[in-house]
Amino acid sequence: MSEVILSTRAVEKSFGRTQALRGVSLELTRGEVLAVTGPSGSGKSTLLHCLSGILRPEAGEVRYNGQRLDDLAEAPRTRLRRREFGIVLQFGQLVPELTVEQNVALPLLLEGHDRSAARTAARAWLDRLDVGHLAIALPGELSGGEAQRAALARALVTGPQVVFADEPTGALDTVGGEALLDVLLSTTRERGASVVLVTHDNRVAAHADREVVLVDGAFSAAGVLA
Amino acid sequence: MIRLAWTFLRCSGWRRAALLAGTTALATALVLVALTMLLLPSVPVEALFSLVAEPGLRWGTAFATGLLVLPLLLMLNQVVRLGTATRERRLAALRLAGATPAEVRQIGAIEVGLPCTVGAAAGPLVFALLRTLFGGHRVITGEGMHTVDLTVMPPSNIVTYGSYASLQLIPTSVTPAWWAILAVVALVAAAGVVTGSLASRHLIASPLGVSRRVRRPAPRPWGLLLVAAGLGAMAFVMSGAFGLGVARPAAAVLMAGILLVVLGFLSLGPWVAFRFGQRAVRRTSDPATLIAAGHLVSDPRPAGRAAAAVGAIGIGSGVAAVMEAGLFFYSGFINPFFVISFALIGAALVLVLLVTASTLAVHAAESLVDRRRVLAALVAAGTPVSVLRDALRREAMLTAMPLSLGGLLIGAVVAGAVGLGSSNSTEGATANLAGLLFVCGQVALTIGLTWAAIHLAIGVVAPRLLKATAPANLRTE
């Protein structure tokens, strides 16, 4: 039986009078790629934010490697996200004023690595994701696909156990989106990391090991894809 | 058009409008104070502090009061930028709704011009209030020299002499003519409108959104030319080229020199921000400094302008420190007139520092709103909010500290050179050492106060940082 790395039990989250999550429970095993799909406003991003410790649920619990995540104070949750998780969003996640290499090196600098070691690691990941030639470019000078590869390099540079991707191909064309997904899944699978992939695109979800569908903050169906 | 601008003004909240109006009101009042000082006859009929009452000192005091308007204009420039992101979205929506680029510009100008005009119109009321608080006391005419001369204790030719006489700084026996008041109000309101138009001159509003014109080139140190010209003018006056009996032209050239040095320093702000940001970004391995320096290199102008007045404070403080050391340690006695004069200068510098701290806070708040999605993404990816708070602080420090140090150095060296040139004293080493220690102490105090002002400014915007990094901003474009 596969080891459960991340789990939620009866998680609830509201924004004002809108209940975004209604008692969501799920488990993510080590190395698994889980797609969370559903229509707009169904609570997909809120679930990702609760799973990754960005948001705290109002009820229920979130556990990472058996440890309660929702009980942790802000500072240890932030450190955990930096060390154990990688996060890729749809757009606008790179610091526009820093070069691509500096952006990728940032999590390592936050961890206290020295400048040259952080730069070397950042360069290695950029090369691996075929954007090494853009190391000294600013994010504003990149195409959508290149920016997402740089963001992926930043998410992977700390060697995360779980990668959270919120509509990572949402701003890309079909070919660019497929290419990015290939890179994301191959690099994470190679490292044995798990992936939580939020998407409303069935073609993207088809790459996952399992798909869960959220409707109005609750799972409507769950199954294992081939 | 005005109705539309008025609607936007109401919708965008009163905070920005109130700040614009408050800043212009204060600027108008200060110009009126300076003007009133200049209207005073050579023998005033009221008890005023000697800095105002003495015809020889009055011009310098009025000039210094006028200089206080400069940090307010820098503040105005920053306040105009408040809410840029919302305004840009509104401009794009207007274009989509069919407004021409000229109409969009007009609406923007009215939006800024209206509160500036209201503020400038309220300026005379602020002036009246200041005059009530710091006005001179009328005395019976024909009683001789009606000035509070604190150099002689007690002055025999003074009719009224109060313990608070040092705060009698604004003449009450003269008032600018109505047309002069109107001209000042119009001038300050126009300055506000021009500042508003200049703030958005690099934007192109299209129906699909607002974009900035091609990346602007790095700032150049043209301000150094102004500083050099100003120092040259001052050196020319100090060399005695005007000779005896031409005090007024010499004073005019001296004031022009001081103005050039101050303007030069103010315009050096963006260049200093860029250069120090560039140096830091190449060398640092500290994430907060990297984020701060990266932002400075990418857009040095707003940060440079926000902190620019710190350089002028440094100049003022450096000059005052050397003059105080000269007067207190070499002249042999403590003169009450100078003590009060320097206390007033110190109070004015602290006020300017507070205005600058407010400007830095406004700049930091605007920068947070502008970058909220990136900041929220950084926190989501594991960057502690404390690192981002440090980044804000270091961004201000990287610009303000070099300007402050440079200003102090220039002020102290110039005042020292003038003092050496005019001195024929042979004081001992003890006095030299004590004077030097005094100057060093004041330099340290100025830097410490600047450091505290920056901490205060960033402390004020800290709650906004938490708002900017909220996960809700991960969803905004």
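Trainee: Which strands does helix 1 of chain A lie across?
Mentor: Please bear in mind that this is a predicted model. Helix 1 of chain A lies across strand 1, strand 2 and strand 4 of chain A, and it runs at about 125 degrees to strand 1 of chain A.
Trainee: In what order do the strands of that open sheet in chain A come?
Mentor: The sheet has 4 strands in the order 2-1-4-5, and their pairing is antiparallel. Strand 2 (18–29) and strand 5 (67–68) of chain A are the edge strands, each pairing on one side only.
Trainee: How many bridges are there between strand 1 and strand 4 of chain A?
Mentor: Strand 1 (residues 4–15) and strand 4 (residues 59–64) of chain A pair over 5 bridges, in the antiparallel sense. As a point of reference, A:Glu12 stands opposite A:Ala59 in strand 4 of chain A.
Trainee: Let us turn to the contact between the chains. How many residues of chain A are in contact with chain B?
Mentor: On the chain A side there are 24 residues, in contact with 21 residues of chain B. The elements of chain A that give two or more residues to this side are helix 1 (44–51), helix 2 (74–84) and helix 3 (100–110).
Trainee: Now helix 6 of chain A. Which of its residues are buried?
Mentor: Helix 6 covers residues 174–191 of chain A and reaches 26 Å from its first C-alpha to its last, close to the 26 Å expected. Its buried residues are A:Gly177, A:Leu180, A:Leu181, A:Leu184 and A:Thr188.
Trainee: What covers the buried residues of helix 6 of chain A?
Mentor: The cover includes helix 5 (144–156), strand 7 (162–166), strand 8 (194–198) and helix 7 (202–205) of chain A. Just after helix 6 of chain A, A:Gly192 takes a positive phi of about 75 degrees.
Trainee: Over to chain B. How many helices and strands does chain B have?
Mentor: Chain B has 17 helices and 5 strands. Of its 477 residues, 47% are buried.
Trainee: Which way do the residues of strand 1 of chain B point?
Mentor: B:Glu46 and B:Leu48 point one way, B:Ala47 and B:Phe49 the other way, and all are buried. Strand 1 of chain B is joined by 2 bridges to strand 2 (residues 137–138) of chain B, and the two run antiparallel. Across that pairing, B:Ala47 stands opposite B:His137.
Trainee: Why is helix 5 of chain B described as largely enclosed?
Mentor: 9 of the 12 residues of helix 5 of chain B are buried, so the rest of the structure largely encloses the helix. B:Gln78 is one of these buried residues.
Trainee: Why does B:Gln78 count as buried?
Mentor: B:Gln78 counts as buried because 25 C-beta neighbours lie inside 10 Å, against a cut-off of 20 or more.
Trainee: Which residues does B:Gln78 touch?
Mentor: Leaving aside residues up to four places away in sequence, B:Gln78 touches B:Ala306, B:Thr359, B:Val362 and B:His363.

Note on methods
Residues are numbered from 1 along each chain as its sequence is written. Chains are lettered from A and ligands numbered from 1 in the order in which they are written. This is a predicted model: local features need pLDDT of at least 70, side-chain atom pairs count only at pLDDT 80 or more; totals for chains, interfaces and linings use all residues. The expected span of a helix is 1.5 Å times one less than its number of residues. Two residues are in contact if their C-beta atoms, placed from the backbone, lie within 7 Å. Two strands pair if DSSP finds at least two bridges between them. Axes are lines fitted to C-alpha atoms, for helices over the stretch in contact, and angles run from 0 to 180 degrees between N-to-C directions.
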